[in-house]
Amino acid sequence: MAYAKILVPVTGAKSDSIALATALVAAKPFGAHVAALFVHDDPREVAPYIYSGAPLSQEVMQSIVVGQKKVADEAGRAQV
């Protein structure tokens, strides 16, 4: 059975190039297609788990969301 598609999750990290290169090497003998999926957490959903037990004001929560969006946007623009 040949693999038709290999999905590679990428996050904007330097290690993305290693993951993509590995997927391309694995795909070649099978003639498979490699697809990259940019993945990042939604800070609105993650913050309650990180700061559990500590009450957060709306301003602090908004600051976390804005900061994490900036990080995700920069990662999304990263060149592999």
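This is a predicted model: local features need pLDDT of at least 70, side-chain atom pairs count only at pLDDT 80 or more; totals for chains, interfaces and linings use all residues.
Local features require pLDDT of at least 70 and side-chain atom pairs pLDDT 80 or more, whereas totals for chains, interfaces and linings use all residues. Residues are numbered from 1 along each chain as its sequence is written, and side-chain values use heavy atoms, without hydrogens and water.

The protein contains three helices and two strands, arranged along the sequence as β-α-β-α-α; these elements are DSSP runs numbered from the N terminus, with helices (H or I) of at least four residues and strands (E) of at least two. Among contacts (heavy atoms within 4.5 Å) with a separation of 6 or more, 64% join residues 24 or more positions apart.

Of the 80 residues, 19% are buried, where buried denotes under 20% relative accessible area, exposed over 50% and partly exposed in between (1.4 Å probe, protein chains only). The largest nonpolar core comprises Val-8, Val-10, Leu-20, Ala-23, Ala-27, Ala-32 and Val-34; such a core is a set of buried Ala, Val, Leu, Ile, Met, Phe, Trp, Tyr and Cys residues joined through side-chain atoms within 4.5 Å. Strand E1 (5–10) and helix H1 (16–27) each contribute at least two residues to this core, and H1 gives the most, with three. Beyond its neighbours within four places in sequence, Val-34 touches Ile-6, Val-8, Ala-23, Leu-24 and Ala-27.

Strand E1 also holds Leu-7, which counts as exposed because its relative accessibility is 57%.
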